Amino acid sequence: MSESVMSGVQGMSVAAAFAGMRSVAPTLFRAGCPDCRGRFELAASALRLAIGGSSRTTFYSFTCPECGSAVRKPAGERVVELLTGGGVRTLRLHTP
């Protein structure tokens with residue numbers, strides 16, 4: 001960086017550097033429970049994604065907030081893309 005740019009950066013306060021930035025709303029995912037038929041929104045932290053070697057071993061899971069059931073649903077390519085892009089923790093399953 002040039003000296004004039006560096007002196008401008010050094011004189012800038014943190015508040016000025018981040019002025020105008022907005023907070024980012026957390027991503028919410030719509031989900032449904034096959035047991036109680038409840039429909040709700042879940043934060044990325046409430047979901048887990050497991051990516052296996054085939055479509056049969058790739059799924060996402062969560063605990064139903066209404067009835068407490070453990071729910072596991074298949075995840076195709078588009079669902080995997082949306083969940084990973086939304087910050088859902090991912091586990092890659094390895095086959096021997």
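Which residue in E4 is the bridge partner of Leu49? It is Tyr60.

## Basis of the model

This is a predicted model, in which local features need pLDDT of at least 70, side-chain atom pairs count only at pLDDT 80 or more, and totals for chains, interfaces and linings use all residues. Residues are numbered from 1 along each chain as its sequence is written, and side-chain values use heavy atoms, with hydrogens and water left out.

## Overall make-up

The chain holds three helices and six strands. Read from the N terminus, the order is α-α-β-β-β-β-β-α-β. Helices (H or I, at least four residues) and strands (E, at least two) are DSSP runs, numbered from the N terminus.

The chain has 96 residues, and 26% of them are buried. Buried means under 20% relative accessible area, exposed means over 50%, and partly exposed lies in between (1.4 Å probe, protein chains only).

Among contacts with a separation of 6 or more, 45% link residues 24 or more positions apart. A contact means heavy atoms within 4.5 Å.

## The sheet

Four strands form an open sheet. Their order is E5-E4-E3-E6, and the pairing is mixed. Strands E5 and E6 (89-92) stand at the edges. Each has a single partner strand, so one side of each lacks a neighbour in the sheet. From one strand to the next, the twist averages 25°. Two strands count as paired if DSSP finds at least two bridges between them.

E3 (residues 48-51) and E4 (residues 59-63) run antiparallel, joined by three bridges. E4 also pairs with E5 (residues 70-74), in the antiparallel sense, over five bridges. There, Phe62 stands opposite Val71. E3 and E6 run parallel, with four bridges between them. Ile51 stands opposite Arg92 in E6. Helix H3 (residues 77-85) packs on the sheet and touches E3, E4 and E6. The direction of H3 makes about 130° with that of E3. Axes are lines fitted to C-alpha atoms, for helices over the stretch in contact; angles run from 0 to 180 degrees between N-to-C directions.

## Nonpolar core

The largest nonpolar core has 17 residues. Such a core is a set of buried Ala, Val, Leu, Ile, Met, Phe, Trp, Tyr and Cys residues joined through side-chain atoms within 4.5 Å. Phe40, Leu47, Leu49, Tyr60, Phe62, Leu83 and Val88 have the most contacts inside the core. E1, E2, E3, E4 and H3 each give two or more residues to it.

Tyr60 has contacts on several elements of the chain's sequence listing: leaving aside residues up to four places away, Tyr60 touches Leu47, Arg48, Leu49, Val71, Arg72, Lys73, Pro74, Ala75, Val79 and Leu83.

## Loops

The E4 and E5 hairpin has six residues between its strands. Within this hairpin, Gly68 takes a positive phi near 85°. Ser69 lies in the loop between the two strands, E4 and E5. Ser69 is buried, at 18% relative accessible area. Leaving out residues up to four places away in sequence, Ser69 touches Cys33, Asp35, Phe62, Thr63 and Cys64.

Arg37 sits in another loop, between E1 (28-32) and E2 (39-43). Its phi is near 65°, a positive value in a residue other than glycine. Arg37 counts as exposed, at 67% relative accessibility.

## Cysteines

A disulfide is a covalent bond between the sulfur atoms of two cysteines. Here the test is a pair of cysteine sulfur atoms within 2.5 Å. By that rule the count is zero.

Cys33 is buried, with a relative accessible area of 4%. Cys64 is buried too, at 2%.
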